[in-house]
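The sequence and coordinates are shown first.

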Amino acid sequence: MRILIVDDESLNRFLLIHMLEEEGYLDCFEARNGDEALALAEQIKPDLILLDVIMPGLSGFDVAPKLKAMNANLYLPIIFITSLDDKESLVKCLEVGGDDFVSKPFDRVILSAKIRAHSRIRQLSSQIEKQNQSLLYHSRLVEREHAIVEHIFNNAIVNQPEVLAFFDTIISPAAVFNGDVFLCEASPAGGAYFLVGDFTGHGLASAIGVLPVSRAFQAMVKKGLAVSEMAVTINETLLSLLPSDMFFAACIVEVDISGTRFTIWNGGMPQVMLKSVRGCRLRYFPSRHMALGILTDSEFDADCDVIEAEPGDQLLFYTDGLMEVMNESGEMADEHGVIDWFTQDDVSTALGMYNCAKQFRGGAEQADDMTIVVFNCQSLESLKHRFSINDLPYTISLSLKGAELRNPRIIDSLMEMLNSQPGVALVRSDLYTIFSEIFNNALEHGVLHLDSSTKNTPEGFIRYYEERERRLNALEDGQIRFDLQFLPTESALLVSVKDSGSGFALNSPEIRDLSNSFGRGIPILRELCDKVEYTERGTRVTVRISMVR
Amino acid sequence: MTITAALSENRNTLVIQVDDKFDFGKVQSFREAYDKLPDTVKVIEVDLSQTEYMDSSALGMLLNMQKSLSDRKIEYKITHCRAQVSRILKISRFDKKFVIA
């Protein structure tokens, strides 16, 4: 406890110091006037000041506020030592910033009691000051961390403007960080993918999950995966990442290039609504699944809904923040409120819907994140050109012998190898059909010597496939070889398949009687490929597929 | 899920839904889907909304279904096709035997 004594009379100072020493206060300093007191206080940082009122030069009344100003954050007790005893002077002692007074001649017991009392207050004040400092430090730390996280979020969730332009969106977080998310990407197969989702709660804790979701989404879009596969993967990711009381309601959507056919997986999101361009007829597509991040792989249901719309129709997606908007008397807008807002105009906008919600809310605060996404059904043809076709030539050869031909995943593996090539996704469905036709022809006729004409009766049809299975399981010889060659200058894929069979008569591979359950493969090949050629007595087929659609 | 069959509430429509690949691997399960068909069924709808890939064996299965049930008066529909699937049905002139919606 460091005490500064300010008095112009040396006797007084002597008495005080002597008395304080007896009380155990050994760390005492003296000043003879106001100026000296100010200079010394600056230097020694006293914990308490005993201040005389009447001094030549600066009086105690002048010095007190100056001393107080020196350390505004921490309580510095000033006790006036005064011979004045009129009420006015005593009041003034306190008004100029003094905290207490003792009258001369001073009473040792009273004075030391007062010193103890004020030093307690100073200790408390010093504790508060320390806590304030640490609060300030932490709040700055949090601010800085938020700034970093915000930066990461802003970079992680970047929707390409060309794709975003097809969506009418309002994204309105309740706090700095958004637990709602809207992602959209052009599909390598033409068309686009998008995701509208809502993590439990709001703020940073719920926003953090957006990062892995957006990364996984982007990676899967690049591969052109099916919506159901995306749902499974995101569910799996979140199940392992999120605490058990947190989950992610989401609509994952693929829209085809016509902009009118939607494949939707909706888990725990409000119902999706489709408004017909002809009149305000609404169709509802409620969620059939639980939110993501709850169910294990074996419990998870990846079934999707398909919505077929017409150009000009409007598809509305929103998070529950919209329908859970409350007015000032605590009533929720609810689903029917959203329906009213969506149907009040022939053509709705996200902003229009948002304003309805805001008006409904009145003066009440926004309690949850709110996202509104309106898709106006229109062709997405212009997004197709965002994907380039490989400009390097490549070849893939696959030679399968005997038992290897039993593998049920031959076509899938071939597709997987090709899928990594840019531009392939656009023609993926066609490629699958083409490979499947060519391969099954080579296998069933070239290698297994099956006779298609047995397929012509219902019983024969089943028997044919049973026989196929039987012969395949017994297969020891036989070979099928795929040679795929990509020709970058022609943007075409050349596929040649050779089987080890004895060939077939190359006559009339045209479509015959429409009611035949066989003989449809070749017309399909002719339609999907630029060129189909059978050579080497029908044991080799070569097709040319244009990768530009 | 590979192939699921669901009877409508009034028992006059059977909806057969196929998954992403409609190829020879589905021969058995597709036939089972319309096996023991109740007499009340007047419409069979093949929902291809999930189907991304198909080949000519799928066409065979569809025709085989019609043939197996040829002694009954049933309307056949193929619904919710993707553009690519639609195209294959069109190439094979399936619109003559099925209502393609």
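Does Lys36(B) count as buried or exposed? The model is a predicted one, and in it Lys36(B) has 5 C-beta neighbours inside 10 Å. Because a residue counts as exposed with 12 or fewer such neighbours, Lys36(B) is exposed. This lysine sits in the loop between H1 and strand S4 (43–47) of chain B. Most residues other than glycine have a negative phi, and most peptide bonds are trans.

The peptide bond from Lys104(A) to Pro105(A) is cis, with omega near -10 degrees. Pro105(A) is part of the loop between strand S5 (100–103) and helix H5 (108–156) of chain A.

The fold of chain B can be described next. Chain B contains three helices and seven strands, and from the N terminus on its elements follow the order β-β-β-α-β-β-α-β-α-β. The radius of gyration of chain B is 12 Å, close to the 13 Å that the globule rule gives for 101 residues, so chain B is as compact as a globular protein of that length. Its C-alpha trace spans about 35 × 30 × 20 Å along the principal axes. Of the 101 residues of chain B, 40% count as buried. Among contacts in chain B between residues at least 6 apart in sequence, 71% join residues at least 24 apart.

Chain B also touches chain A, in a contact that takes 30 residues from chain B and 30 residues from chain A. On the side of chain B, the elements that give two or more residues are helix H1 (27–34), strand S5 (53–54), helix H2 (56–68) and helix H3 (83–91). H2(B) supplies the largest share of that side, eight residues. By class, the side of chain B that touches chain A has ten nonpolar, eleven polar and nine charged residues.

Within chain A, two helix pairs illustrate the packing. Helix H2 (residues 34–44) and helix H3 (residues 60–70) of chain A pack at an angle of about 10 degrees, with their axes 10 Å apart. H2(A) and H3(A) are therefore roughly parallel to each other. Their contact is made by Gly34(A), Ala37(A), Leu38(A), Ala41(A) and Glu42(A) of H2(A), together with Asp62(A), Val63(A), Lys66(A), Leu67(A) and Met70(A) of H3(A). These residues comprise six nonpolar, one polar and three charged.

In the second pair, helix H14 (residues 428–447) and helix H16 (residues 521–528) of chain A pack at an angle of about 140 degrees, with their axes 10 Å apart. That angle makes H14(A) oblique to H16(A), and H14(A) passes H16(A) in a left-handed crossing. Among the residues in this contact are Ile434(A) of H14(A) and Leu525(A) of H16(A). The contact residues divide into four nonpolar, three polar and two charged.

Finally, Leu20(A) lies in helix H1 (residues 10–22) of chain A. It is buried, with 21 other C-beta atoms within 10 Å. Leaving aside neighbours within four places in sequence, Leu20(A) is in contact with Ile3(A), Tyr25(A) and Cys28(A).

Conventions:
Residues numbered from 1 in each chain as written. Chains lettered and ligands numbered in written order. Predicted model: local features only at pLDDT ≥ 70, side-chain atom pairs only at ≥ 80, totals over all residues. Helix = DSSP H or I, 4+ residues; strand = E, 2+ residues; numbered from the N terminus. Rg over C-alpha atoms; globule rule 2.2 N^0.38 Å. Buried ≥ 20, exposed ≤ 12 C-beta atoms within 10 Å, placed from the backbone. Contact = placed C-beta atoms within 7 Å. Nonpolar A, V, L, I, M, F, W, Y, C, P; charged D, E, K, R; others polar. Axes fitted to C-alpha atoms, helices over the stretch in contact; angles between N-to-C directions. Parallel < 35°, antiparallel > 145°, perpendicular 65-115°, else oblique. Left-handed = near helix turned anticlockwise from the far one by under 90°.
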